[in-house]
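Please look at the structure below with its sequence beside it, and follow the text slowly from one part to the next.

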Amino acid sequence: NLIRDMITSVNDWKVDHIPSNEGTSNYIRGCKTLLTFFVAGFGYSARRLAIEHIPEILPLFSLLQEQHDDEDVARLANVVMQFLSQILYTADISEGVANKILALLDESAMWHVVNKTLPLLCTLTFSNRFTLSRDVRSRILDTTAAFLEHDQIEVRQSASSSLTSLVKCASPEVITDINSKFSAKLQKRLPRVRHGKPLKNPAAYSKLVLTRHAGVLGLSCLVLAFPYTIPDWMPEVLVLLANCMDDPNPIQGTVQRTFAEFRRTHMDTWHEDRKKFTSAQLEILTDML
């Protein structure tokens, strides 16, 4: 009851809080008290008490990561959120925590919060992969993949890194679905831009660049998730990526980094790996590999 009362008080103080450099408001002091309790509770017998309140306290702690008027609060919030993602929960609590994080990602208008929360969702999935239901794991994968089309490139990069990790534990059926989904985003090519002439529809062009970048990022996740093998679907994925090499940045940069990493991880076994490619595929990929 004491913890719940403290949470209620902090939420009430938040309404009247005016950001300042002094950090002496009831809201800031209450946040520090809650965060300090959770940090201490994770290491001692009070962990059980702390875990019970995690689902209801998650929205507050995620926002506190961006509490710029008090560095201590932001630092403690980052530490607590890292702890929260690494705990092995019981089945009922793990579902609640995952659903709460998914709701936060859907509702958050602050890209900095999304950028910091996506890796935590990935860590939570690995820490609790045997207690999370298949439906929740599927929603986590879909939500992460959706952020590959976020307007902010930092969010797209964070989502790409998280999706690469999630794909490593995905079933062949899920990998096939991801391959089809992101390959489809590359079907429409960018119109040729003539030097010195303005675009007829700059908004549509920018939207298409974003869509194609999402497709390239999604396929790159598949390639990078299997650094030392060549699954049957990989040669065609590499060909699709190579065909995007002439696209503008950030698409071109993503393709270059993907092939650079592919060369690095397959250099020693390329004499065997190349046998899984057709002669037509090798001809297209010659300059890239």
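Helix 7 (111–127), helix 8 (134–146), helix 9 and helix 10 each supply at least two residues to the lining of the largest pocket, and helix 8 gives the most, with 7 residues. Helices here are DSSP runs of H or I with at least four residues, numbered from the N terminus. The model is predicted, so local features need pLDDT of at least 70 and side-chain atom pairs count only at pLDDT 80 or more, while totals for chains, interfaces and linings use all residues. Residues are numbered from 1 along each chain as its sequence is written, and side-chain values use heavy atoms, with hydrogens and water left out.

The largest pocket has a volume of about 550 Å³, and of the 21 residues that line this pocket, Arg 137, Leu 141, Cys 169, Ala 170 and Val 174 lie nearest its centre. A pocket is found on a 1 Å grid over the protein atoms alone, as an open set of points where a 1.4 Å probe fits, with protein on both sides within 12 Å along at least five of seven lines, and its lining residues have an atom within 4 Å of a point. Grid points are joined across faces, edges and corners, and the volume is the space filled by probe spheres set on the points. By class, the lining of the largest pocket has 11 nonpolar, 4 polar and 6 charged residues, where Ala, Val, Leu, Ile, Met, Phe, Trp, Tyr, Cys and Pro count as nonpolar, Asp, Glu, Lys and Arg as charged, and the others, Gly among them, as polar.

The second largest pocket has a volume of about 240 Å³, and its lining includes Pro 191, Arg 192, Lys 197, Tyr 205 and Leu 208. This second lining divides into 7 nonpolar, 1 polar and 4 charged residues.

Next come the helix pairs. Helix 9 (residues 153–167) packs against helix 11 (residues 202–225) at an angle of about 30 degrees, with the axes 8 Å apart; axes are lines fitted to C-alpha atoms over the stretch in contact, and angles run from 0 to 180 degrees between N-to-C directions. Helix 9 and helix 11 are therefore roughly parallel, a label for angles under 35 degrees, while angles over 145 degrees count as roughly antiparallel.

Helix 10 passes helix 11 in a left-handed crossing. Ile 175, Ile 178, Asn 179, Phe 182 and Ser 183 of helix 10 meet Ala 214, Gly 215, Gly 218, Leu 219 and Leu 222 of helix 11, and this contact holds 6 nonpolar, 4 polar and no charged residues.

Helix 6 (residues 91–107) and helix 7 pack at about 155 degrees with their axes 10 Å apart, and are therefore roughly antiparallel. Their crossing is left-handed.

Finally, consider one peptide bond. Most peptide bonds are trans, but the bond from Asn 249 to Pro 250 is cis, with omega near 10 degrees. Pro 250 is in the loop between helix 12 (234–242) and helix 13 (251–266).

Terms used
Parallel < 35°, antiparallel > 145°, perpendicular 65-115°, else oblique. Left-handed = near helix turned anticlockwise from the far one by under 90°. Contact = heavy atoms within 4.5 Å.
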